[in-house]
Amino acid sequence: GIIKLMGRSAGFLAAFAALGSGDVDLVLVPEVPIVLDGPDGILPYLRRRVKEHKFAVVVLAEGAGEELLGMSEEVDDGGNRAKPKIGRFIRGEIEDYFEGFGETATIKYIDPSYTVRSVPANGADSLYCMQLAQNAVHGAMAGLTGFSVGLVNNRIVYLPIPQLVATSPRTMSPHGTTWERIVAMTGQPNTAPPKVEAREDELILPEPSMR
């Protein structure tokens, strides 16, 4: 089966969902290029997994595979560039690959879209939202602007918006521990690009400010 999750620019949601499940065989994210065939190809790997376990589960982020399908010129209602239909593309490639061996791949394609955000809030969620809202009002009444409210080290704090968005959009490191855990759990080929060391003059952190 194939499950497509949110993640236009980053694969955090797909990666954490896969790690939380523990039953995923392949994870595809925008930060790691997709290789279809060859020694590091996902198609031979999936066929081996199906031979071993009679099934395979693929989790992919909606922004994965842009290096294969290119960037779309379409823009959605929110002003964001539309992402290529990576889920249906991968499904077609898997079916064609298995047909090349005279085999049939029965694939269930699931696209929950924003329903993953629609679960009812539990007590902890409601309490957290109340604390954020109350402290946002307190900050505004105190004359603060350009800030957001968050939880840091179990304390409600005010965070300058310029500092929060200075490194936006955030992406998952293809050489970090999260991706290493994905590769270790799934056993999939690691097609992460070579690591490039940043120069010292590039390591500039935004100065905190509160106005």
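This is a predicted model: local features need pLDDT of at least 70, side-chain atom pairs count only at pLDDT 80 or more; totals for chains, interfaces and linings use all residues.
**View 1. Overall fold of the chain.** Seven helices and six strands make up the chain, in the order β-α-β-α-β-α-α-β-α-β-β-α-α from the N terminus. Helices (H or I, at least four residues) and strands (E, at least two) are DSSP runs numbered from the N terminus. Along the principal axes, the C-alpha atoms occupy a box of roughly 70 × 45 × 35 Å. Of the 211 residues, 32% are buried (under 20% relative accessible area, 1.4 Å probe, protein chains only).

**View 2. The largest pocket.** This pocket holds about 380 Å³ of space. A pocket is an open set of points on a 1 Å grid over the protein atoms alone, where a 1.4 Å probe fits, with protein on both sides within 12 Å along at least five of seven lines; lining residues have an atom within 4 Å of a point. The lining has 15 residues, with Lys4, Glu62, Lys85, Asp111 and Ser113 closest to the centre. By class, six are nonpolar, one is polar and eight are charged.

**View 3. The second largest pocket.** Its space comes to about 250 Å³. Among its 14 lining residues, Val50, Ala56, Ala105, Thr106 and Ile107 lie nearest the centre. Helices α2 (42-53) and α4 (86-99) each contribute at least two lining residues. The lining comprises ten nonpolar, three polar and one charged residues.

**Notes.** Residues are numbered from 1 along each chain as its sequence is written, and side-chain values use heavy atoms, without hydrogens and water. Local features need pLDDT of at least 70 and side-chain atom pairs pLDDT 80 or more, whereas totals for chains, interfaces and linings use all residues.

Key: Grid points are joined across faces, edges and corners, and a volume is the space filled by probe spheres set on the points. Ala, Val, Leu, Ile, Met, Phe, Trp, Tyr, Cys and Pro count as nonpolar, Asp, Glu, Lys and Arg as charged, and the others, Gly among them, as polar. Buried means under 20% relative accessible area, exposed over 50%, partly exposed in between (1.4 Å probe, protein chains only).
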